[in-house]
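Biologist: I would like to learn how to read some features of a protein model. Please take them one at a time.

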Amino acid sequence: MKATPSRDALYFRVSSDRQTTENQFDELLAVAHSTHRDWDGVRASLGHCILTETRTTRRGIVRTIYRVDPAIAEHLAKECIYVEQGRSSKRGAQKRPLFERMKRDASQGRFTRLLVWKVSRLGRDMREVIGTVYELADLGVTIVPVKSQTGPVNTAMGRLLWAIQAWYGEMENEERSENVRLGQARARAQGKEIGRPREVASDVEQRILGLRADGYGYKAISQATGVPRSTVRRVLKGAKNIQEIQPANPAVSIPADGGFVGCQK
């Protein structure tokens, strides 16, 4: 009697590098079993699933952003093809909804192999990765990272290889984070401004702080300066002397022409 071929599931985490993402698609599809699946159609859907946006920051820097089309991702997930937005895999699985959905589908026996590009696609926390491998193995699912050297988790050598790959992914992520922190510290020491740019000009920020100190509420300050109320809140929250500029009369309003109505200090 001919054995029933296994059904493959594919898990992708979209990278900030479009070429890396395309490589994931091509290499996993090349390994996937071709039984009763329209892989050409899947590849076409994967290509349309990634949307490209170009944004210019306030500093004039042009950035290309890739995001997942949620409607296409939902359609693919029904076929056990999971395309996750490229959040850091150091974050827990609870913040990766399609990762959790993949595990639920595994518990329902919807697939017997899970293809991923690298071990690091599963996570960068060694304990979480090993836990996922054992959890899926208990459900009869074999994880195949096509670019990482691993083995069956039910053998001593396989467990060793998985542990090494998971440890390497965690170490790589920690080194990257440490390099970022060192770079930020060096920039601060050189007097460079880092992080997100100011949302408002310095003179506008000073006017916001002054109006708040004079007793005006968020809505009144927003009307007077033309700055969204949410931005007013962030400016005040970030002020060092926020505790010293609480409003004396939040109900005071400021008309659009900038004149003041009501009591002033």
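**Reading the sheet**

Modeller: Strand E1 (residues 8–13) and strand E5 (residues 113–116) run parallel and are joined by three bridges. Strands are DSSP runs of E with at least two residues, helices are runs of H or I with at least four, and both are numbered from the N terminus. Two strands pair if DSSP finds at least two bridges between them. This is a predicted model, in which local features need pLDDT of at least 70, side-chain atom pairs count only at pLDDT 80 or more, and totals for chains, interfaces and linings use all residues. Residues are numbered from 1 along each chain as its sequence is written, and side-chain values use heavy atoms, with hydrogens and water left out.

Biologist: Which residue in E5 is the bridge partner of Asp-8?

Modeller: Arg-113 is the bridge partner of Asp-8.

Biologist: What is the order of the strands in the open sheet?

Modeller: The order is E4-E1-E5-E6, four strands with parallel pairing. Strand E4 (81–84) and strand E6 (142–145) each have a single partner strand, so one side of each lacks a neighbour in the sheet.

Biologist: How many disulfides are there?

Modeller: A disulfide is a covalent bond between the sulfur atoms of two cysteines. The rule used here asks for a pair of cysteine sulfur atoms within 2.5 Å, and the count comes to zero.

Biologist: Is Cys-49 buried or exposed?

Modeller: Buried means under 20% relative accessible area, exposed over 50%, and partly exposed in between (1.4 Å probe, protein chains only). Cys-49 is buried, at 0%, and Cys-80 is buried, also at 0%. Leu-160, in helix H6 (residues 156–189), is partly exposed at 45%.
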